Amino acid sequence: MAAGARRGGCAIAKVEGLDSDLLAAYERYVNGSMARLMRFMGVDVYEVEAHGAEVRTSDGSTYLDMGGYGVFFHGHSHPKVVAAVREQAGRLALSTRLLPNREQVLLCARLAESLPGDLEYTFLCNSGTEAVEAALKLARMATGRTGVVATEGAFHGKTFGSLSATGKEMYRTPFAPLVPGFTHVRYGDADAVAQVVGPHTAAVIVEPIQGEGGVNVPPPDYLPRLREICDRAGALLVVDEVQTGVGRTGRMWAIEESGVVPDIVTSGKSLGGGVVPIGAMTARRDVFRPFDENPLIHTSTFGGNPLASAAGVAALEAIEEEGLLERARELSALAFARAEAVRREFPEAVADVRGRGLLIGIEFVDEGVGGAVIAGLLARKVICVHSLNHPRVMRLMPPAVARPEQVETAFEALAEAVREAARMLA
Ligand code: PLP
């Protein structure tokens with residue numbers, strides 16, 4: 001209990017351990033198991049401030065952030081995004097919702113400009129999972145059908161609709177029954193999709209590269225073939241770019257590589273410029289019609305708020321003004337060369353290196369090695385993340401604003417951490 005607090009009262013003076021041992025307070029008030037896991041990983045500091053690829057912690061150390069679950073394409077505290085958010089927060093942070101706001105319209109227009117084809121109408125929300133929920137509901141309304149084909153290992157979020165599309169039983173089973181009508185097939189296998197798509201299929205939903213599934217890059221003809229299969233069956237193609245979108249793969253959108261125009265694209269994560277949470281669902285003109293005709297059928301109090309929209313506009317503009325896609329591609333070449341060198345040096349520990357742009361997956365021979373390497377990196381003050389649906393695969397997701405020497409430092413630390421883990425394995 002907080003010292004000085006009265007239950008039901010408001011005289012909360014001090015939370016025990018907040019300054020001296022944050023993890024103890026975390027364990028008590030946030031989540032015990034998570035706190036114990038962080039302790040197990042050797043975490044005894046907390047994050048205080050972050051700029052670019054650097055995070056400063058409570059003990060005054062600096063960590064290199066090569067993780068961030070795909071949120072920090074612009075790095076932390078990007079000056080343009082922060083300035084836009086500051087200005088907006090002091091003027092009009094949230095919307096009356098009866099009057100339109102300029103920032104929402106501008107962000108939707110910028111998304112329409114940057115996405116291919118007639119992907120033109122955007123529903124803004126506050127997270128990736130909400131964007132997927134909107135896509136699934138729109139797909140039902142636009143087609144009058146209820147079936148959805150998703151893929152094994154997919155990650156689309158953890159609210160009921162998106163969890164129904166997510167392809168990992170561990171997250172799904174405790175919440176069954178989920179939304180009916182979902183079928184999961186092997187990722188990257190267009191024939192498997194063709195076999196299950198039918199007259200009841202409203203949508204096929206896929207990531208252009210599975211992120212949480214372990215950085216799985218499909219064959220080049222995968223999306224074009226899914227496009228054909230959907231067209232033949234009258235089903236919609238929903239591409240979830242929450243993780244891959246807004247620069248992460250070295251292109252603004254990962255779908256650009258395939259030349260395919262999906263019916264619906266979802267985005268989030270980096271769209272907030274690493275400063276504000278946001279989600280977006282963009283649909284082709286005809287597909288969006290049911291939401292257009294009934295604008296109150298699917299709403300969100302905070303969706304399209306001026307604060308997040310201003311961050312989104314600044315994030316998209318910064319990519320263009322600062323040449324962040326080119327920088328991402330240059331850093332990518334360096335990162336993949338270093339990752340390959342680590343794989344060649346430690347074949348007994350590293351099974352594969354794969355990905356695109358600044359989404360770099362390193363698959364270890366077993367989960368234990370992966371965990372040890374992440375802990376080893378953390379001990380060397382480098383942050384990276386595992387993959388939720390494939391814990392053997394570690395992801396390095398450097399920001400496009402990282403300096404080449406920061407990426408070099410991260411890979412030196414990786415080589416040391418793998419060496420250490422390989423020694424343990426021997
Ligand atoms: N879709 C994809 C492809 C994701 O990678 C994620 C999150 O990792 C989501 C959806 C869910 O996004 P959020 O965690 O913002 O709800």
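I started at the ligand, where a polar side-chain atom of Q243 lies 2.9 Å from one of the ligand's oxygen atoms. I call that a polar contact, meaning a pair of N or O atoms within 3.5 Å. I noted that the protein covers 82% of the 390 Å² of accessible area that the ligand has on its own, with areas from the Shrake-Rupley method and a 1.4 Å probe.

Before going on, I reminded myself that this is a predicted model, where local features need pLDDT of at least 70 and side-chain atom pairs count only at pLDDT 80 or more, while totals for chains, interfaces and linings use all residues. Residues are numbered from 1 along each chain as its sequence is written, and side-chain values use heavy atoms, with hydrogens and water left out.

**Around the ligand**

I then looked for backbone partners. A polar backbone atom of G128 is 2.9 Å from a ligand oxygen, and one of T129 is 2.8 Å from a ligand oxygen.

Which residues are around the ligand? I listed S127, G128, T129, F155, H156, G157, E207, E212, D240, V242, Q243 and K269; to be listed, a residue needs a heavy atom within 4 Å of the ligand. I sorted this shell into two nonpolar, six polar and four charged residues. In that sorting, Asp, Glu, Lys and Arg are charged, Ala, Val, Leu, Ile, Met, Phe, Trp, Tyr, Cys and Pro are nonpolar, and the others, Gly among them, are polar.

Most residues other than glycine have a negative phi, and most peptide bonds are trans. I found some exceptions here.

R97 has a positive phi, near 70 degrees. I placed R97 in the loop between α3 (79-89) and α4 (102-114). R97 counts as partly exposed because its relative accessibility is 42%; the cut-offs are under 20% for buried, over 50% for exposed, and partly exposed in between (1.4 Å probe, protein chains only).

V246 also has a positive phi, of about 60 degrees. V246 sits in the loop between β8 (236-240) and β9 (264-267). Is V246 buried or exposed? V246 is buried, because its relative accessibility is 0%.

The peptide bond from A176 to P177 is cis, with omega near 0 degrees. P177 is in the loop between α7 (169-172) and β6 (182-185). Helices (H or I, at least four residues) and strands (E, at least two) are DSSP runs, numbered from the N terminus.

**I360**

Last, I visited I360, in strand β12 (residues 359-364).

Key: Polar contact = N/O pair within 3.5 Å; in protein donor to acceptor, adjacent residues only side chain to side chain.
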